[in-house]
Amino acid sequence: MPKKNNTLRLNLLAMFIAIIILQTSIPLIGYIPIGPLSITIIPATVVIATVLLGTVDGAIIGGVWGVITFIRAYIWPTSPLATIVFVNPIVSVFPRIMIGLVAGWAYMALQKRIKRQSLSVSIAAILGSLTNTILVLGLIYVFYKAKAPQLYQINMEKLLPYLIGVVGTNGIPEAIFSGVVTPLIAVPLSRVIKRRT
Amino acid sequence: MDKAISFNQVTHTYQANTPYAQNALDNISLEIPTNSFTAIIGHTGSGKSTLVQHINALLKPTQGSVTVYNRSITPTTTNKNLKELRRHVGMVFQFPEKQLFEETVIKDIMFGPKNYGMVDAEAEQAAIEAMKLVGLDKSLSEKSPFDLSGGQMRRVAIAGVLAMKPEVLILDEPTAGLDPRGHKEIMDLASYLHDHDHITIILVTHQMDDVVNYASEVVVMDKGKIVQTGTPAEVFADPKWVYRMQLNLPTSAEFAQQLIDAGVPIGQLPLTIDQLADRITELARKGENPDD
Amino acid sequence: MTNFLFGRYLPGNSWIHQMSPQSKLLLSFYFVIVIFFANNLVSYGVLALLIIVVILLSGVSITFFLKGIRPLIWLIIFTVGLQILFSSGGTILWQWGPFSITNLSLINGGFIFIRFLLIIMISTVLTLTTTPLAIADGVQTILKPLKRVHFPVDTLALMLSIALRFVPTLMDEMETILNAQRSRGVDFGSGSLTHRVKAAVPLLVPLFTGAINHAENLSTAMEARGFTDSEHRSKYRIYRWQLKDTLSWIVFLVAGGLVLYLRK
Amino acid sequence: MKDIIQVKNISFNYSGQPLLFDGLSLDVHEGEWLALIGQNGSGKSTLARLIDGLNVLKKGQIFVDGLLVSDQNVFDIRNKIGMVFQNPEDQFVGATVEDDVAFGLENRQIDREKMHQLVKTSLENVNMWEFRDRIPANLSGGQKQRVAIAGIVALSPKIIILDEATSMLDPQGRQDILDLVRQLKEKNHLTVISITHDIDEAASADRVIVINKGQKIDEDIPGKIFSNTEQLARIGLDAPYTAQLIAALKRRHFDLDKEYLDREGLIAWIKQLVSTK
C-alpha cells in the first residue's frame with residue numbers, strides 16, 4: 001500500500017526537530033545547570049532518535065541541533081562559549097552529526113552481543129556524548145592553530161585553556177548523564193513505537 | 001461547615017508586566033467545604049483550570065491568598081513549602097494517561113507516593129489498593145502501561161493520584177473521550193471516594209448531567225470571575241441566564257423546558273430524570289382527578 | 001522561552017515585511033559576513049547607518065528592539081569584558097595578575113559591543129517581520145538548486161514546517177506534564193545531581209510518547225488527505241521576487257563594498 | 001437505493017493480535033447519514049480506516065462508489081472520501097488555517113489560482129475565512145475541526161466519515177460541528193458515516209449499525225435500535241434520553257406501548273397524558 005512508512009518517518013523526524021527546538025529554548029528540558037556548569041540533555045535526544053529511527057535519522061537530528069546551535073550563536077547565544085566557538089559552522093554542526101553516527105554504529109554492533117537493550121543504549125549514549133565533546137575540543141584546537149578568523153576577536157591564546165576546561169568538565173558529567181538517562185527514555189519509547197508499526 | 005479550601009480575593013495575571021498581561025482570575029473569593037462534591041463549570045476559557053491549579057499550588061496568586069487545610073499560599077510563598085501542600089491535594093488532569101512514564105504499571109502508581117516519602121513497601125501497598133479502587137486487575141501490575149488500552153491507561157493515571165491518599169481530589173474533565181460505560185465508571189468512582197472515603201471532590205466539567213447527578217455544590221465562572229455559587233437547583237433555576245453564560249441545561253431540564261414550551265405546566269425545572277418523571281406523574285394524576 | 005522563534009512576529013505591511021523571505025534570509029546572512037570585515041569606526045558607521053535605515057523601514061517601534069537586547073545584556077557585558085581584560089598589545093593602562101587593560105583592548109571591546117548590537121538588530125528585524133513559516137519557505141527556495149543533485153528539498157521544507165507547527169503544541173503539553181508530575185511530588189530544578197537527572201525522565205518520556213502519537217495520527221490524517229510524497233505537490237504559497245528585493249540588494253551590496261573599501 | 005460503500009466478508013487483524021473482524025459485511029446507502037455505534041475498541045474506527053485504504057485487509061473486499069479498495073485505486077478512493085478524525089490537533093498539518101486547507105489540494109497538484117479560490121470558498125463555507133491567518137495554537141478544538149472540514153470540502157468528496165470527530169469537543173462545539181456537517185450534506189448531497197458513542201448524536205441519523213467486538217450485531221432505523229435498551233446496556237452504551245425517560249415513567253406505572261420515541265413524539269405523548277380529560 002502507499003508509503004505509510006515514509007509519511008510516518010517524515011512526521012517522526014518533524015516531531016524530533018520540534019523537540020530539539022524546544023530543548024534549545026527551554027532550559028528546564030534542555031539543560032541541567034549544576035553549579036557553574038550546564039549539562040545539556042540534547043545528546044540524549046539525538047541518541048533516542050538513533051535508537052528509534054536508525055543511524056541516518058539520528059545523524060539528521062544531530063545535524064538539526066547543530067544548525068540551530070550555529071544560528072543561535074549569532075542571534076541568541078546561550079553562553080559566551082557559543083559566541084566564541086559555535087559561530088563556526090564546522091564546530092557547531094559536524095560533531096553533532098557524529099553523535100548520531102557513532103551512537104548508531106555502536107548500538108547496532110552492541111545489540112548483537114548484548115542481550116539487554118538498556119545496556120546497549122547506555123553505552124551508545126555515552127559514546128555519542130563523548131564524540132561530541134572530543135570533536136568540539138579537537139576542532140577548537142584545530143581552528144585555533146589555523147588562526148581562523150573570528151567573529152569576536154578574543155585572544156585565544158589566553159582563552160584556550162579556559163575553553164578546553166569548560167568543554168571538558170561539561171563533557172564528563174554529560175556523558176554520565178546520557179548513559180544513565182537515555183535508556184530510561186529510549187526503552188519504553190521503543191515499546192511505544194513497536195506497538196504501532 | 002468546615003472549610004477545606006478558601007480563596008481570599010485572589011487575582012491571577014498571566015504574563016504580568018508585559019503588554020500581553022491578562023487577568024485569568026479576577027478578585028475571587030470562594031469557600032469550598034470539607035467533604036463537599038463541588039462542580040466548577042463555565043465555558044471554555046472562563047478560568048476554571050486556572051482556578052483549580054491554585055488549589056494544588058501549581059499556580060500562585062498574583063494577589064490575595066489561597067488556604068488549603070490551614071496552609072496558605074500567597075504571592076510570596078516559596079516553592080519549598082508547596083510540596084507539603086500538594087501531597088494533600090490530588091489532581092487528575094485532562095487526559096491524565098499522558099503523564100505515564102514508568103516501566104510497569106505498579107511502578108508508575110507508586111511514583112507519587114514515593115515522592116511524598118512513603119517507603120517502597122508502603123507505596124506498593126497503596127498502589128495495590130488504588131488499583132483495586134479504579135478496577136484494574138492485579139495481573140496488570142507488572143505490564144508496561146504503554147501496552148494497555150486507552151481506558152486502562154487512564155485508570156492507571158488516576159490510581160497514581162489516589163495512591164497518594166489525598167484529602168482533596170481535583171478532577172479536570174476526567175471522562176473526556178471515554179465511552180458511556182467508561183464515563184459512568186469514573187464518575188461512580190468519584191462518588192464512592194466522596195461518600196465512602198470522605199474525600200473532598202472538585203470536578204471541572206462541561207457535562208451538566210454529571211453536575212446534577214453527582215455534585216452538591218456548583219461554582220459558575222465567567223471571564224475569570226465567579227458569577228454564581230449554590231446547589232445545582234439554584235444554579236440552573238434560570239435557563240436564560242444559563243444560556244447567557246454559554247452553558248447548557250442538564251438534559252432533563254432542557255427537555256422539561258421543551259415540555260413547558262409545548263404547554264405542559266411543569267413549573268419549576270426538574271434537574272434529573274427522576275425528578276422529571278415524578279413531576280409528570282404528579283401532573284398526570286392531577287389530570288385523572290381534576291378535583292384534587 | 002521560545003520567544004526567539006515564536007510570538008515574536010509582528011504583523012505589518014512595511015517595506016521589510018513585503019520583501020521575500022529568501023531575500024531577507026540571505027541578506028541577513030550577508031550582513032553578518034560583512035561585519036567580519038569591518039574593522040574601524042567608519043566601516044562600522046556605514047553598517048550602523050544601514051541597520052538604522054532597515055529598522056526605520058520595518059515600521060517596528062524601537063522598544064521591541066531594546067527588549068530583544070535585554071536578556072542578552074549580561075552575555076554582552078561578559079564577552080566585552082573578556083575581550084578588554086584578555087587582549088594583548090597596545091599601551092597598558094591597568095594591570096592585575098593575568099588581567100590587563102590596554103588602549104587597544106578598550107577599542108576592541110567597543111568594536112565587539114558594536115558587532116553584538118548589529119547582529120542582534122539584523123536578526124531581530126528578520127524575526128519581527130517574517131513568520132516562522134515564511135522562513136521555512138525561504139529556506140526551501142534558497143535550497144531549491146540542490147534538487148538537481150536529488151537532495152529532498154521539499155521533504156525537508158515540509159518537515160520543518162510541521163516541526164514549527166507542532167512546537168507550540170508540544171510546549172503546551174510539556175507544561176501540562178510538568179504540572180502533572182509536580183502534583184505527583186516531583187521538584188524540578190532543585191535538589192542533588194542524581195535528583196535532577198532522575199527528574200528528566202518523568203518529563204521526557206511522556207513528552208516523547210505524545211510526540212510519537214502525534215506523528216502516527218498525523219501520518220494517517222495526511223494520507224487520508226491524499227499525501228504520498230513531498231516532491232510531487234503544488235505550492236499554495238509562493239514568495240515572488242519583487243522590486244523591493246532588488247533595491248534592497250543593491251543598497252546592501254553597495255554598503256558591503258564601502259566597508260571593504262574603508263577597512264584598514 | 002444505491003449502495004455507495006459495500007463491505008463484503010472482510011477479515012482483519014493488527015499484527016500480532018487476534019482477528020478484529022472475521023467475515024464482517026455491511027452496506028452504506030448513497031445519501032444517507034449512517035451512525036456506526038459501539039464501545040471503544042469495538043472496531044468502528046478500524047473499519048473506517050479499511051474503507052479509506054489506510055489499513056490493508058486480510059480477506060474480503062470493500063467497494064467504494066463502484067471501485068475496489070486496492071493499491072491501484074487507493075488515491076481515487078481517497079478523492080471520494082473525506083475523513084475527520086477524533087483529535088483536532090493531530091490532523092492540522094499546515095502552519096496556518098489557510099495552509100492547512102490547501103494541504104489536500106497541494107497533494108493533488110491543483111493549480112495555484114484554483115487553489116486560492118477553493119481555499120477561500122471552503123473556509124467561507126465553514127465560517128472560518130476571517131481566521132485564515134491564525135496558527136493552530138490560537139484556535140479552539142471546535143475551530144480546528146471546522147478547518148479540518150474545510151480541508152475536506154475543498155476536495156469535494158462524495159462521502160464524509162466522522163471518526164468520533166466531536167468526542168473531544170465541549171457540548172457547544174459538538175453541536176456546531178454536527179449542524180455544519182448536516183448543512184454541507186444537504187448542500188452537496190453527501191453520504192455521511194458518523195462513528196460515535198454519543199447516542200443522542202446517533203438518534204438523529206437515518207440508519208444505525210451497531211458494532212460489538214468486530215461484529216455487526218444490529219442495523220436498523222434509530223427508533224428500532226433504541227427500543228432495544230437491553231441490547232444497548234449489554235454492550236455498554238447508554239439509551240438515548242427519551243428512552244431513559246420512558247423507562248423512568250414505566251417504573252411509575254405508565255403504560256406506553258413503545259420503548260422509544262423521538263423528542264417530538266414523546267412530548268406529544270406526555271402532553272396528552274397530563275391534559276385534563
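Good morning. I begin with one of the chain pairs, where five residues of chain B are in contact with four residues of chain A. Please keep in mind throughout that this is a predicted model. The area buried between chain B and chain A is about 440 Å², and carbon and sulfur atoms supply 55% of that area. On the chain B side, the residues that lose the most area to chain A are Ser144(B), Phe146(B) and Asp147(B). Together these three give 76% of what that side buries.

Which residues form the salt bridge at this interface? The rule finds one salt bridge across the interface of chain B and chain A, and Arg191(A) forms it with Asp147(B). The closest N and O atoms of that pair are 3.0 Å apart. By class, the side of chain B that touches chain A has three nonpolar residues, one polar residue and one charged residue. The count of residue pairs in polar contact between chain B and chain A, both at pLDDT 80 or more, is one.

I turn now to the interface of chain A and chain C. Here 59 residues from chain A and 66 residues from chain C take part in the contact. The buried area is about 5,700 Å², with carbon and sulfur atoms giving 79% of the total. How many salt bridges are counted between chain A and chain C? The count is zero, while two residue pairs are in polar contact, both residues at pLDDT 80 or more.

Which elements of chain A give two or more residues to the side that touches chain C? They are helix 1 (4-25), helix 2 (27-30), strand 1 (31-34), helix 3 (42-53), helix 4 (55-75), helix 5 (80-86) and helix 8 (156-196) of chain A. Helix 1 of chain A provides the largest share, 17 residues. By class, this side of chain A has 43 nonpolar, 11 polar and five charged residues.

Chain C itself is divided into two domains. Domain 1 covers 15-131 + 239-262, and domain 2 covers 153-224. Their C-alpha centres lie 35 Å apart.

Next, the salt bridges within chains. A search of the whole structure finds 37 salt bridges over all chains. In chain B, the side chains of Glu97(B) and Arg154(B) meet in one of them, at 3.0 Å from N to O. Glu97(B) lies in the loop between strand 6 (89-92) and helix 3 (105-115) of chain B, and Arg154(B) lies in helix 5 (residues 150-162) of chain B, so the pair ties together parts that are 57 residues apart in sequence. Are these two residues buried or exposed? Both Glu97(B) and Arg154(B) are buried.

In chain C, Asp154(C) forms a salt bridge with Lys147(C), and their closest N and O atoms are 2.7 Å apart. Asp154(C) is buried, with a relative accessible area of 11%, whereas Lys147(C) counts as partly exposed at 33%.

In chain D, Lys216(D) and Glu219(D) meet in a salt bridge, with 2.7 Å from N to O. Lys216(D) has a relative accessible area of 30% and is partly exposed, and Glu219(D), at 31%, counts as partly exposed too. Elsewhere in chain D, salt bridges that share partners join Lys2(D), Glu30(D), Asp65(D), Lys80(D) and Lys158(D) into one network.

Finally, some individual positions. Helix 1 (residues 48-55) of chain B is mostly covered, as seven of its eight residues are buried. Among them are Leu51(B), Val52(B) and Ile55(B), together with Lys48(B). After this helix comes Ala57(B), whose phi is positive, near 60°.

In chain A, Ser122(A) lies in helix 7 (residues 117-145) and is buried, with a relative accessible area of 14%. Leaving aside neighbours within four places in sequence, Ser122(A) is in contact with Gly179(A) and Pro183(A).

In chain D, Ile267(D) has its place in helix 11 (residues 263-274). Which residues does Ile267(D) contact, leaving aside its neighbours within four places in sequence? They are Phe255(B), Gln258(B), Leu259(B) and Ala262(B). Ile267(D) is buried, with a relative accessible area of 13%. Its C-alpha atom is separated by 9.5 Å from that of Thr242(D), 25 residues apart along the chain. Thank you.

Conventions: Residues are numbered from 1 along each chain as its sequence is written. Chains are lettered from A and ligands numbered from 1 in the order in which they are written. This is a predicted model: local features need pLDDT of at least 70, side-chain atom pairs count only at pLDDT 80 or more; totals for chains, interfaces and linings use all residues. Side-chain values use heavy atoms; hydrogens and water are left out. Contact means heavy atoms within 4.5 Å. Buried area is the accessible area (1.4 Å probe) that two parts lose on being put together, summed over both. A salt bridge is a side-chain nitrogen of Lys or Arg within 4 Å of a carboxyl oxygen of Asp or Glu. A polar contact is a pair of N or O atoms within 3.5 Å; within protein, one must be able to donate a hydrogen and the other to accept it, and residues adjacent in sequence count only if both atoms are side-chain atoms. Ala, Val, Leu, Ile, Met, Phe, Trp, Tyr, Cys and Pro count as nonpolar, Asp, Glu, Lys and Arg as charged, and the others, Gly among them, as polar. Domain bounds come from an automatic or database domain assignment. Helices (H or I, at least four residues) and strands (E, at least two) are DSSP runs, numbered from the N terminus. Buried means under 20% relative accessible area, exposed over 50%, partly exposed in between (1.4 Å probe, protein chains only).
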